[in-house]
Structure formats: structure tokens, C-alpha cells
Amino acid sequence: MNNLTKTAFLIILFLLFNPLSANETRIDSVDSYLNAVQSLVKSKDNFKEDFLDIEFLLHKNKHAQGKEKVLTLLNLYTAYIYKSGEIANRYNDQAMALSEKLAFKEGILKANYNKAYFLFVLGDFEESMKMVLEIQKVVGATTYPEIFADISTLKSYIYSERGEYDRALETGLRLLDSAEKSKNDYLLMKANSALSHYYLRIENYSKSLTYCLEGLHYILKLKKTQYIYPKIDEIARMTAKLNDPKGALKIYAFFLEIEKELPCRQLYIGIRTQQYGQYLYIHWGTRKSVDSHFKSIGN
């Protein structure tokens, strides 16, 4: 069976048996997910490491040694990635150096993935893909499964951004297949992210939203709080694209509300809010400020 036949067969099986059909949505509504986010945020003081509390991580980093220190440095990279790329990369470099000294392969692979992802964010898809393909040689669904999921998702993202949609879908479906066979929640989280991104790029917003919500389910279950901001942003964007601008504003109002309690990532949400302010002005043909809409929604 050649690669094209395998891909076609995989897609056919997906369409026949995947429970997330185009006409289905999750039983829980968007509001239910936002309530679940709010509930998790309220318990943040009990999960300081999961919530990437910077003071907590800096204190831990002072006392940690060996592999624990590597993982703490990698968490500091994640905590700073939306605040300062320079600081984030400095922690990642420290994690890489210590991992090499300890011959800690998982630490090396995670630090290399972080570099590949940062290149992707900068728009350097070529160099990012080169790193992805190198890491891919030594990871699999059963060997370093989380890194395998990260790399597969990033690979699908790159294909989507380059307009190679068949490859993006194939990569996402293969990851979903591995996730369902292994029943690994992290793989399921990442597979849904890859497929949500793919459907967003081909402008199938309804299906993209379905996968986005499914991914958010696993984000909350695993307490991977670094993904909460991007996911709620995606939900708001897709809600607006599905001709519900007021619903999108409601989601952003919620977003700004929980920002008061979550570690601050103002650069990320600030830019997104400005972008959607411009979009909604055009959509509604009004000069009312976004802030006034946020206030009216909250009353």
C-alpha cells in the first residue's frame, strides 16, 4: 500500500468512525467550558506549578538540582514565552546546557522542541521544520509520547501555514489515531489542537470550533494552563466568524476577567483585543468602544 493509498484509507476511516462529525458539537456548550475554566482558575493557589506561578518557579529553581532543575527551567520558559521571548529563551538555553551535562535526553528534546516552536512563531517555517524532522527521528507515541505529540502538532501547524493542507490533515489524523489507540490524554489534547488549526485555516469554522472545545476539555483535565489563553482566543475568533460578534465579545470579556487572576500575559491578550476591536467596528459599523461592550455584557 503506497503512502497516498494509506492516507486516503486513514481519512475514510476518520470520516466514517470519528465521533466528531461536522454536524455534532460537544454535549457541553461554550459557556460550560468557560465555567470550567473559571472553576479551575479559582483553585490556582492549590496548583502553583500547573499555573506557572513565576515567583513559585523562581524560588523552586534556586533550590532544585539535576533533572528537577531542568524541568523547572523549562517551566520558566513556558511561563515567560508570552511575556518576553528573550527571557524565555534564556531559561530554555539553561535547560539545554544542564540537560546535556546530565545526559538527560528528555530535557534536550524538550528544549529543542521549544526552539522549533519559537522559530515557528517567528514565521521561520523552514528552519522550524528542519528541527521537527530531526527530533521526530528519536520520538514516538510510546517513546517520549508528549514530545512526539508536540512535534506532530507543530508539524501539522507548519503544513497548514504553508498551505499544504493534505499533509496537515494527514499529520493531525495520524496523531489522533495514535492518541485514541493509546488513550493518552496529552496526545488527544494535541491532536485536537492540530485538527482545529487545520480546519481554521481552510475556513471550516464550525468544525474547527468543535475540535477546539474538545482540546480545551483535555487542557482542563491535565491542567495545562499555558494553553488556556490561546484556546479562549481561538474560541472567540471562531465565534465571531460564525456570525456571532456579540458572543465573541462576551468571550473576550470573560477572558479579561480571568486575566486578573491568572499570571499576566497582557501582551498576548492586549494585541488580540485590539485586533478584534477593529474587526467588530467594521462588522457592526459602529464607533462604540469595545470597552463599553465589555461593560454592558458584564452587567
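Asn114 touches Leu74, Tyr77 and Asn92, leaving aside residues up to four places away in sequence (contact means heavy atoms within 4.5 Å). Asn114 sits in helix α6, residues 105–121, and helices here are DSSP runs of H or I with at least four residues, numbered from the N terminus. Asn114 counts as buried because its relative accessibility is 10%, and buried means under 20% relative accessible area with a 1.4 Å probe, protein chains only.

A quick word on the ground rules: this is a predicted model, where local features need pLDDT of at least 70 and side-chain atom pairs count only at pLDDT 80 or more, while totals for chains, interfaces and linings use all residues. Residues are numbered from 1 along each chain as its sequence is written, and side-chain values use heavy atoms, with hydrogens and water left out.

**Aromatic pairs**
- Rings of Phe, Tyr and Trp (its six-membered ring) pair if their centres lie within 6.5 Å; planes under 30 degrees apart are stacked, over 60 edge-to-face, and the rest tilted.
- That rule gives 10 aromatic pairs.
- One of them is Tyr80 with Tyr91, stacked at 5.7 Å centre to centre with 25° between the planes.
- This pair links distant parts of the chain, 11 residues apart: Tyr80 belongs to helix α4 (residues 66–80) and Tyr91 to helix α5 (residues 85–102).
- Tyr80 is buried at 13% relative accessibility, and Tyr91 is buried too, at 12%.
- Elsewhere, ring pairs join Tyr113, Tyr117, Phe120, Phe125 and Tyr157 into a cluster.

**A charge over a ring**
- The charged end of Lys223 sits over the ring of Phe47, 4.7 Å from its centre; the cut-offs are NZ of Lys or CZ of Arg within 6 Å of the ring centre and within 35 degrees of the ring normal.

Technical notes:
Helices (H or I, at least four residues) and strands (E, at least two) are DSSP runs, numbered from the N terminus. Buried means under 20% relative accessible area, exposed over 50%, partly exposed in between (1.4 Å probe, protein chains only).
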